[in-house]
Amino acid sequence: MLAPDSVLVIRATADTVVRHGVEITGRFYDRMFEAHPELLELFNRGNQANGEQRQALAMSVAAVAAHFAGIKPVPLASIVGRIAHKHASLGVTPSQYVVVGRHLMAAIGEVLGDAATPDVVAAWDEVFWLFACLLVAEESRLYERAGSSFSRPLTPHTVTGVHRETDDVTSFLLEPESRVRPHSPGQYVSVAVELPGLGRQIRQYTVSSAPGEPLRVTVKRHRAGGDRPAGLVSTHLHDVVRVGDRLQVSPPFGDLALPAGDGPLLLASAGVGATPVVAALRHLAAAGTPRPITVVHADRTPDTHPLRADLLDAVDSLPDASLVLWYERDGGPGTHAGLVDPALIPVDPDTHALLCGPLPFMRTVRRALLDGGVRADRVQYEVFGPDAWLGADAPSHTAS
Ligand SMILES: Cc1cc2nc3c(=O)[nH]c(=O)nc-3n(C[C@H](O)[C@H](O)[C@H](O)COP(=O)(O)OP(=O)(O)OC[C@H]3O[C@@H](n4cnc5c(N)ncnc54)[C@H](O)[C@@H]3O)c2cc1C
Ligand code: HEM
């Protein structure tokens with residue numbers, strides 16, 4: 001609990017800090033990387049360059065401060081879960097919180113100037129450490145459960161297969177050299193690669209196989225376009241990594257979970273967001289589940305649709321599954337043309353939904369679900385980047 005004096009300070013300064021949030025976190029990263037260049041290998045350079053990580057950090061701290069100060073409640077467990085899973089997949093250590101806390105408070109001081117009185121800095125420091133304690137505790141539980149630790153978060157895996165799925169999407173089969181706890185459908189692994197001249201970079205990839213099957217990740221190549229450079233890790237994986245190579249990979253993490261029971265499910269994906277949906281469907285098909293399942297996928301064309309054959313096979317083998325496909329072009333009979341039309345998504349108000357794809361796609365599907373009477377906490381999602389929905393009006397990461 002935040003001390004009563006700090007509650008008053010946070011209430012008085014929350015708007016100012018939120019207004020300057022991205023500037024504060026920007027200064028914070030600059031300071032921290034200058035003092036600790038070794039941390040550049042832990043953080044995602046792409047997210048630093050496009051500003052997404054700054055926004056996710058600022059929004060999560062602001063949302064949690066508002067929660068602690070009684071301004072606006074947020075789904076705290078869900079926010080802590082999402083961040084802790086990501087941290088544990090990267091090997092974040094408790095002592096790194098001291099570094100982050102020091103530079104974050106200094107950045108607040110720099111940006112707020114005279115407004116950053118000792119009382120103000122002390123109250124924000126208290127928020128930081130309350131949040132940090134929740135994260136450290138959850139991360140320690142996650143390391144324990146995964147049988148990993150922050151001193152050895154990634155272990156060697158051999159690439160045993162490389163399969164081209166579409167022009168831009170390739171699957172990699174990864175065999176751990178030591179025993180790894182099996183994943184649950186929807187979980188991801190962190191994969192580290194050594195980039196010539198740049199050092200190590202780590203990215204997360206959802207496991208696209210079912211539990212019990214060989215570990216498979218399915219990676220979309222981020223091509224250069226306009227001002228955007230080609231993606232560092234996806235390009236390396238596509239162009240350089242071959243069968244027999246070794247990659248450093250974390251155990252599976254992630255709080256996306258298939259709700260248990262026999263109730264209806266809706267699994268909706270777009271583009272490479274197909275990965276958690278295919279893992280879930282293969283798992284459900286292997287279990288022979290009788291539950292009613294609606295599968296929605298949107299893509300540019302059938303040829304750009306990753307893991308399409310896996311999806312069709314799984315849907316065919318399930319006793320009560322239906323498939324609704326949208327292709328912008330060349331869809332052919334039985335598919336819808338153009339972008340997803342929410343009015344055409346079949347919605348059972350009792351459904352649990354799992355969404356994965358670009359934010360506009362997920363917003364459209366979520367709106368259709370809420371309008372159809374589905375409870376907001378039954379809509380889970382995965383964002384393939386820092387989660388700017390965290391703390392905002394977002395669906396839940398965890399099943400109710
Ligand atoms: C939980 C989770 C699960 C995921 N699962 C999958 C999955 O199953 N399959 C999959 O393919 N991906 C998945 N991702 C995404 C994946 O982790 C990577 O983000 C993705 O592969 C891009 O990484 P990259 O290194 O190739 O691109 P990066 O180098 O990280 O660049 C990312 C984007 O930022 C742009 N960018 C970089 N620098 C700049 C700049 N200076 N200015 C403007 N734009 C810039 C790049 O053009 C690129 O489009 C997942 C992500 C998360 C968080
Ligand atoms: C209270 C303290 C902290 C908060 C509130 C916080 C918050 C966040 C958030 C919101 C994300 C994005 C999660 C997502 O949606 O995927 C994130 C990712 C990350 N965090 Fe933290 N974090 C904290 C401490 C730390 C520490 C101590 C480190 C280690 C130095 C760290 C390293 C990272 C890294 C490397 C990522 C992934 C970055 C990326 O993919 O771009 N964080 N954190």
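Author: A residue is buried if 20 or more other C-beta atoms lie within 10 Å of its own, and exposed if 12 or fewer do. The model is a predicted one. By the burial criterion, both faces of β7 are covered: Leu-265, Leu-267 and Ser-269 are buried on one side, and Leu-266, Ala-268 and Ala-270 on the other.

Reader: Which strands make up the open sheet, and in what order?

Author: The order is β10-β9-β8-β7-β11-β12, a sheet of 6 strands with parallel pairing.

Reader: Why are β10 and β12 called edge strands?

Author: Each of them, β10 at 336–337 and β12 at 379–382, pairs on one side only.

Reader: Why is Leu-355 called buried?

Author: Leu-355 has 27 C-beta neighbours inside 10 Å. The threshold is 20 or more, so Leu-355 counts as buried. This residue is found in strand β11 (residues 352–356).

Reader: What does Leu-355 touch, leaving aside residues up to four places away in sequence?

Author: Leu-355 touches Ala-268, Met-362, Val-365, Arg-366, Val-379 and Tyr-381. Contact here requires C-beta atoms within 7 Å. The C-alpha atoms of Leu-355 and Arg-366 are 8.2 Å apart, with 11 residues separating the two in sequence. Val-365 in turn touches Ala-268, Val-296, Val-340, Ile-345 and Leu-355, with the same exclusion of residues up to four places away.

Reader: Which members of the largest nonpolar core touch the most other members?

Author: They are Leu-267, Val-277, Leu-281, Leu-355 and Val-365, in a core of 98 residues. The element that gives the most to this core is helix α4 (residues 52–68), with 9 residues.

Reader: How do Leu-307 and Asp-330 compare with the burial limits: is Leu-307 buried or exposed, and is Asp-330 buried or exposed?

Author: Leu-307 has 26 C-beta neighbours inside 10 Å and so counts as buried. Asp-330 has 12 such neighbours and so counts as exposed, since the limit for that label is 12 or fewer. Leu-307 is found in the loop between β8 and α10 (308–317), while Asp-330 is in the loop between β9 (321–327) and β10. Phi is positive in each residue, near 60° for Leu-307 and near 55° for Asp-330.

Reader: What makes β1 and β2 a pair, and how many residues lie between them in the hairpin?

Author: They share 7 bridges in the antiparallel sense, and a pair needs at least two. The hairpin has 4 residues between the strands. One of the bridges can be named: Val-159 has Leu-174 of β2 as its partner. β1 (residues 155–164) is also joined to β6 (residues 246–249), by 4 bridges and in the antiparallel sense. There, Thr-155 stands opposite Val-249.

Reader: Which residues of α8 are buried, and what do they pack against?

Author: Val-233, Ser-234, His-236, Leu-237 and His-238 are the buried residues of α8. They pack against β2 (169–176), β3 (188–195), β4 and β5.

Reader: What surrounds ligand 1?

Author: The shell has 27 residues, of which Gly-46, Ala-49, Gly-231, Val-233 and Ser-234 are the closest. At least two residues each come from α3 (45–50), β4 (199–206), β5 (215–220) and α8 (232–239). By class, the shell holds 9 nonpolar, 13 polar and 5 charged residues.

Reader: How do you know that domain 2 and domain 3 touch?

Author: The domain assignment places domain 2 at 155–249 and domain 3 at 265–382. Across the two, 13 residues of domain 2 are in contact with 15 residues of domain 3. On the domain 2 side, these comprise 5 nonpolar, 6 polar and 2 charged residues.

Key
Residues numbered from 1 in each chain as written. Chains lettered and ligands numbered in written order. Predicted model: local features only at pLDDT ≥ 70, side-chain atom pairs only at ≥ 80, totals over all residues. Domains from an automatic or database assignment. Nonpolar A, V, L, I, M, F, W, Y, C, P; charged D, E, K, R; others polar. Core = buried A, V, L, I, M, F, W, Y, C linked by C-beta atoms within 7 Å. Near = placed C-beta within 6 Å.
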